[in-house]
Amino acid sequence: MTNLLEIRDLHKRYGTVEVLKGVDCSMRQGEVISIIGSSGSGKTTMLRCINMLEEFQGGTIAIDGQEIGYETAGGARRRKPEREIARQRALTGMAFQQFNLFPHMTAAANVMLGLVKVKKMSRDEAMVLAEKWLDRVGLLSRKDHYPGQLSGGQQQRVAIARAIAMNPKLMLFDEVTSALDPELVNEVLQVIKGLAEDGMSMLIVTHEMRFAYEVSSRVIFMNQGRIGEEGDPREMFLKPKTERLAEFLKTSTFN
Amino acid sequence: MDFSFLDQLWLARIPLLKGLGVSVSISLLSIVVGTVLGVFVGLALVYGLRPVKWIVRGYTDFIRGTPVLVLVLASYYVLSTIGIDLGPFQAGVLALAVFCSSHVGELVRGALQSIPKGQTEAAKAIGLTFAQTFAYVLGPQALRQALPAWVNTAAEMVKASTLLSIIGVSELLLRTQEVISRTFMSLEFYFFAGFLYFVINYGIERFGRYVERKTAVPS
């Protein structure tokens with residue numbers, strides 16, 4: 001069986017600065033992988049390469065055997081056409097640090113936009129799904145509210161509903177609790193935990209070590225553009241093999 | 001001969017109304033044409049390829065750095081020397097539309113660039129194409145953002161329409177001056193013309209406020 005996600009020798013440069021120096025990673029259906037590491041280690045960049053929010057200069061990323069973003073024909077590597085990339089982006093769902101809800105649309109309209117415009121559903125079908133997922137994140141009663149009328153935690157839950165309603169094969173979470181007040185962090189983590197229990201495949205970039213420990217089936221520690229260490233969360237957190245990880249864990253809060 | 005101002009006003013009603021009509025036509029035409037052009041200018045400034053950007057940037061900087069009166073005169077007198085013969089009305093509207101387009105272009109550029117990058121990223125992430133992102137995410141936000149400044153620009157165009165009197169377009173100001181040269185009631189008729197311009201611009205401003213309120217996003 002092909003892996004859900006297959007990253008091979010991923011290289012990414014910003015100008016002359018190489019931020020990803022050859023990352024390899026495979027992920028099976030239903031896995032929940034947390035990516036930890038200090039800022040600048042490349043964890044967010046890696047996530048953003050998977051849905052082509054960042055271009056990458058070397059290596060391949062495949063979802064369900066389908067090469068993302070680039071195709072190689074006759075030895076030459078070419079960016080796929082925009083339309084094709086847009087279609088591939090819908091294979092994944094993404095939640096952002098800053099939520100990025102569309103401020104001029106209600107919560108329900110935020111969730112419905114992709115369903116209607118990308119999945120070509122009727123408005124009625126889209127509304128049924130939007131209500132289902134808003135209910136799932138505990139915000140059905142707020143479906144007609146605008147983002148400006150919601151708290152940060154509520155906005156992030158709507159943003160997660162918006163991504164997950166598209167029925168992606170893989171969810172990408174990019175530091176989704178970093179912009180939240182501490183008392184709002186938990187409601188968002190609970191939603192993600194629920195999705196994990198449903199068997200959703202997820203890649204989670206996070207600074208919440210306790211959460212990573214509890215929810216993940218595997219943890220990846222990024223260090224200076226490479227995977228520094230990866231494995232079972234218990235072993236990683238309790239018996240780190242590398243000095244870098246041990247150091248990193250010492251400076252991060254694990255509560 | 002002892003006519004009061006109101007008598008004179010009544011006698012002059014037809015030319016003044018015609019002048020008002022011409023002023024409104026000039027303003028409307030230049031706002032509409034200028035806005036349509038300006039949207040393209042703004043899009044080119046934000047999304048254009050580099051050479052396109054440079055050319056359009058040169059255009060807007062040049063136009064915005066030139067007094068409107070100079071544009072009006074150039075449009076009327078200079079274009080004819082290169083074989084483009086426009087009547088005063090057409091030449092004047094062209095000048096104002098060009099002027100308007102450079103300002104609207106800047107408004108559109110500013111509005112689009114004020115939208116956080118995360119909006120585009122979120123739209124991409126759910127699989128929207130660029131055209132869809134623009135139509136449903138960026139466009140509606142940019143419109144709201146640009147509306148107040150656009151209303152100001154529209155009011156400026158109404159005021160700038162008076163400059164066309166210099167090249168002999170019989171708009172409200174020129175008609176008013178003609179009436180004054182007959183009646184010598186300069187104070188009264190200038191005030192009256194000023195009042196009409198105020199009414200138009202106040203109307204535009206109220207309308208702008210109304211649209212702003214109607215389209216405001218609750219928060």
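**Reading a sheet**

Guide: A:Ser34 stands opposite A:Val219 in S11(A). The model is predicted, so local features need pLDDT of at least 70 and side-chain atom pairs pLDDT 80 or more, while totals for chains, interfaces and linings use all residues. Residues are numbered from 1 along each chain as its sequence is written, chains are lettered from A and ligands numbered from 1 in the order in which they are written, and side-chain values use heavy atoms, leaving out hydrogens and water.

Visitor: What is the bridge partner of A:Ser34 in S10(A)?

Guide: Strands of a sheet pair through backbone hydrogen bonds, either parallel or antiparallel. Strands are DSSP runs of E (at least two residues) and helices runs of H or I (at least four), numbered from the N terminus; two strands pair if DSSP finds at least two bridges between them. In S10(A), A:Ser34 has A:Ile204 as its bridge partner, and A:Val32 has A:Met202. Four bridges join S3 (residues 32-36) to S10 (residues 202-205) of chain A, and these strands run parallel. S3(A) and S11(A) also run parallel, joined by four bridges.

Visitor: In what order do the six strands form the open sheet?

Guide: The order in chain A is S8-S9-S10-S3-S11-S12, with mixed pairing. At the edges, S8 (92-95) and S12 (226-231) of chain A each pair on one side only.

Visitor: Is S3(A) mostly covered or exposed?

Guide: Buried means under 20% relative accessible area, exposed over 50%, and partly exposed in between (1.4 Å probe, protein chains only). S3(A) is mostly covered, with five of its five residues buried. A:Val32, A:Ser34 and A:Ile36 lie on one side, A:Ile33 and A:Ile35 on the other.
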